[in-house]
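Biologist: Could you walk me through how to read this one? I'd like to take the features in turn.

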Amino acid sequence: MIIVLKPEATEPQIDHLLDRLRELGLKTHMTQGEERTIIGVIGDDRILQNQPITAFPGVESVTPILAPWKLVSREFKKDNTVIDVCGVKVGGQKLAIMAGPCAVEKLELTVGIAHEVKAAGGSILRGGAYKPRTSPYSFQGVGREGLDYLLEAKRQTGMPVVSEILDTRDIELFLQKADIIQIGARNMQNFELLKEVGAYDKPVLLKRGLSATLKEFLLSAEYIMSRGNRNVILCERGIRTFETQYRNTLDLAAVPTLKELSHLPVIVDPSHATGKWNLVAPMAKAAVAAGADGLLIEVHSNPECALCDGEESIKPSKFKELMQDLRKIAVAVGREI
Ligand code: PEP
Ligand code: MN
């Protein structure tokens, strides 16, 4: 439910209302707009059905949020959320281009790729230190030291880093070493992990589950936000369909749909969405044209020897070319890189 306050509402009137809502066991989120203050009420707001909220002095109107996701919804917050990641904005006019290897391998390789990404105009470095692999015999990531390699790359390039967390027990490590914590597709409904990252204000990159509907996706984002963390980035990374020609099917309609349903930034991962390096550039361009706020792209200087997802990784030279093309598309849709 959204309570809109009158412009002339006084502080004691607002406090009186907030006290009453808390007494009823409801959580409140205040948003101070330029003209109006809005109180989002979260919890089982059926409690309010018989409460004459409009009778409170200072209240202008009361509107229920019909969507099952509340804090995430466009009804709750009209303006786009812009997340500041160490000075790089995600969700603003400028597109956030996150790129780097699927998995962090060696220090020199990570730092080398980071420099290439930065030189081409990338803004955030990606790299998995812990890898959620389908087979237990596949490379599982270098672990904790991978985060240190990313930090060294950040020190040298100035780019913030995003890396995937797999286990709630690693939260302190990620809070210290990552600038964005990624929740991968396989963990989109790992509710304990969602609640854990929701308890801090560290930005979270939430990837859509392999077979998740947009409703399930947004409810997972709601888990994070309902714990207090407002810095959630949604990532469309392709879904399972009957088509076997590529790894997944990129659901591009999800981009404008998510932007309509939610105020959160939406980015696209054309690498996992296709599983094929030659499809990454066309899908990245389509994503920007469809209104994505950014991209997550796998870049590797030697894809043939990559320890993970070499078949969908593009070389730095291709990434550079792609960035040049993306600049033109961004301008055509009123954005910039
Ligand atoms: C990744 O981005 O490293 C990854 C594993 O992607 P997804 O969770 O989308 O499969
Ligand atoms: Mn990968």
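Modeller: Start with the domains, whose bounds come from an automatic or database domain assignment. The centres of domain 1 and domain 2, taken over C-alpha atoms, are 37 Å apart. Domain 1 covers 2-63 and domain 2 covers 83-332. This is a predicted model, where local features need pLDDT of at least 70, side-chain atom pairs count only at pLDDT 80 or more, and totals for chains, interfaces and linings use all residues. Residues are numbered from 1 along each chain as its sequence is written, chains are lettered from A and ligands numbered from 1 in the order written, and side-chain values use heavy atoms, without hydrogens and water.

Biologist: Where do H272 and E298 sit in the chain?

Modeller: Helices (H or I, at least four residues) and strands (E, at least two) are DSSP runs, numbered from the N terminus. H272 belongs to helix α8 (residues 270-274) and E298 to strand β14 (residues 294-298), so to speak distant parts of the chain, 26 residues apart.

Biologist: Are H272 and E298 buried or exposed?

Modeller: Buried means under 20% relative accessible area, exposed over 50%, partly exposed in between (1.4 Å probe, protein chains only). Both H272 and E298 are buried.
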